[in-house]
Structure formats: structure tokens, C-alpha cells
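This note sets out a reading of the model for a colleague who has the sequence and coordinates to hand. Comments are grouped by topic.

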Amino acid sequence: MKSYGKLLAVGLVCVAGVAAAKEGVTNPVVKERMDVMQVIRANTGALGDMASGKAAFDGAKAAEAAAAIAGAAATIPTVFEPQETDPVSEAKPAIWENFSDFTTKADALTTAAQSLDTGSLDALKAGMGAVGGACKACHTDYRIQTN
Ligand code: HEC
């Protein structure tokens, strides 16, 4: 499952707009927000691979990935606004009880991605912690942990 996710993330880098949500999701509203997360994951994975040396550093590709994360993160408040669910959803109801905190955490990811300095490998490495931290801050409170 893990390696499948990795393959998926790599494969999606070039087609970041056509990411695939979790298998089995039937509610289209939930699918849409999962697709947004998959775009974010694919591009974060691409940056992570460069930062860790798994992939060659490419400043232009890194800038594109950072912009894709920022663009997708900016849609989080809109795609999560309807309180919809699905049997395979990992969204906690707390999202809609604390929606302004939730959107603050979405904004934090947008800002981290926009502030990411993709001018050099060292700068990218230095900025990745803020991006990963923004995922974790939101997932800890608002996503059911399945692993
Ligand atoms: C503002 C909150 C928030 C931020 C920030 C956030 N996520 Fe999420 N993420 C969620 C929630 C909530 C879900 C569960 C959605 C559902 O299952 O309905 C989720 C689900 C996911 C999923 C599973 C999608 C699927 O197909 O089931 C992935 C992958 C993911 N996030 C990656 C990331 C990564 C990588 C980052 C940071 C770069 C990130 N997320 C930042 C809230 C957030």
C-alpha cells in the first residue's frame, strides 16, 4: 500500500490536476476534497524526493510544485466547507465545529508553500519542514489517523 502510494505520487507530478482520490469514495463532494489532498501530496512528494536526494534538484520543477501546493491549499476552505461525509472519509466532524481554525491551518500551508525558497537545494531542504509541519498540524486535529 505504501509503495503504491509512492508510485501514485510520482506518477501524478506531471498531471497534478488529475489526481485520484481514495478508492471506493462515492460522495462527489468528498472525492473532490480528497483530489485536492492528492494534488498536495503528489507535489509535496516531488519536493521531498528532491530534498532527500531521491530525485535530482530542479529549481523550475520545484517552483512549479510549490505553486501547485499553494494553489491547491488555497481551495481547501472552499472544498471542505460543505459538511459532507462518505464511508471512506477520514475527515473528523471537528472540522465543522472549528471551521475558522481549520481554514487558518489551510492558510498556514498556503503561506508555507508560497514562502518556500526553491532557488537552491539547500533552501528547499530548509523550507520543507514548514510545509510538512502544516500538513501535520491540520491532520493531527482534523483527520482520522489510519496508520
Ligand atoms: C487544513 C487542513 C489540512 C491541511 C493543511 C492538510 N490536510 Fe491533508 N487532509 C485533511 C483532511 C481533513 C483529510 C481527510 C479528508 C477526507 O477523508 O474526507 C486529509 C486527507 C489527506 C490525504 C488523503 C486523501 C485521500 O485520497 O483520501 C492526503 C494524501 C493528504 N491529506 C495529504 C496532505 C499533505 C501532504 C499535506 C501538506 C503538504 C496536507 N494533506 C495538508 C486536512 C488537511
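The numbered points below pass from the basis of the model to the fold, the ligand site and individual residues.

1. **Basis of the model.** The model is predicted: local features need pLDDT of at least 70 and side-chain atom pairs count only at pLDDT 80 or more, while totals for chains, interfaces and linings use all residues. Residues are numbered from 1 along each chain as its sequence is written, and side-chain values use heavy atoms, with hydrogens and water left out.

2. **Overall fold.** The chain holds seven helices and zero strands, where helices (H or I, at least four residues) and strands (E, at least two) are DSSP runs numbered from the N terminus. Read from the N terminus, the order of elements is α-α-α-α-α-α-α. Of the 147 residues in the chain, 41% are buried; buried means under 20% relative accessible area, exposed over 50% and partly exposed in between, with a 1.4 Å probe and protein chains only. When contacts (heavy atoms within 4.5 Å) between residues at least 6 apart in sequence are considered, 70% join residues at least 24 apart.

3. **The ligand shell.** Which residues are closest to the ligand? They are Met37, Glu90, Cys135, Cys138 and His139, within a surrounding set of 26 residues; a residue is near a molecule if one of its heavy atoms lies within 4 Å of it. The shell divides into 16 nonpolar, four polar and six charged residues. In this division Ala, Val, Leu, Ile, Met, Phe, Trp, Tyr, Cys and Pro count as nonpolar, Asp, Glu, Lys and Arg as charged, and the others, Gly among them, as polar.

4. **Helices around the ligand.** At least two residues of the shell come from each of α2 (28-52), α6 (99-115) and α7 (121-142). The most is given by α2, with eight residues.

5. **Polar atoms facing the ligand.** An N or O atom in the side chain of Gln38 is 2.7 Å from an oxygen atom of the ligand. For Ser89, a polar side-chain atom likewise lies 2.7 Å from a ligand oxygen atom. The side chain of His139 places an N or O atom 2.8 Å from a nitrogen atom of the ligand.

6. **Glu90.** Glu90, one of the closest residues to the ligand, lies in the loop between α4 (76-79) and α5 (94-97). Is Glu90 buried or exposed? Glu90 counts as buried because its relative accessible area is 14%. Its side chain makes a polar contact with the side chain of Arg143 at 2.7 Å. Such a contact is a pair of N or O atoms within 3.5 Å; within protein, one must be able to donate a hydrogen and the other to accept it, and residues adjacent in sequence count only if both atoms are side-chain atoms.

7. **Packing of α2 and α7.** The axes of α2 and α7 are 10 Å apart and the helices pack at an angle of about 145 degrees; axes are lines fitted to C-alpha atoms, for helices over the stretch in contact, and angles run from 0 to 180 degrees between N-to-C directions. Their crossing is left-handed, that is, the near helix is turned anticlockwise from the far one by less than a right angle. On the α2 side the contact involves Met37, Thr44, Leu47, Gly48, Met50 and Ala51, which meet Leu121, Leu124, Lys125, Met128, Val131 and His139 in α7. The residues of this contact divide into eight nonpolar, three polar and one charged.

8. **Buried helix residues.** Lys105, in helix α6, counts as buried because its relative accessibility is 18%. Leaving aside residues up to four places away in sequence, Lys105 touches Ala137, Cys138, Asp141 and Tyr142. Val79, in helix α4, is buried at 8% relative accessibility. With the same exclusion of residues up to four places away, Val79 touches Glu32, Arg33 and Val36.

9. **Exposed residues.** Ala56, in the loop between α2 and α3 (59-73), is exposed, with a relative accessible area of 65%. Helix α6 contains Gln114, which is exposed at 58%, and Ser115, which is exposed at 55%.
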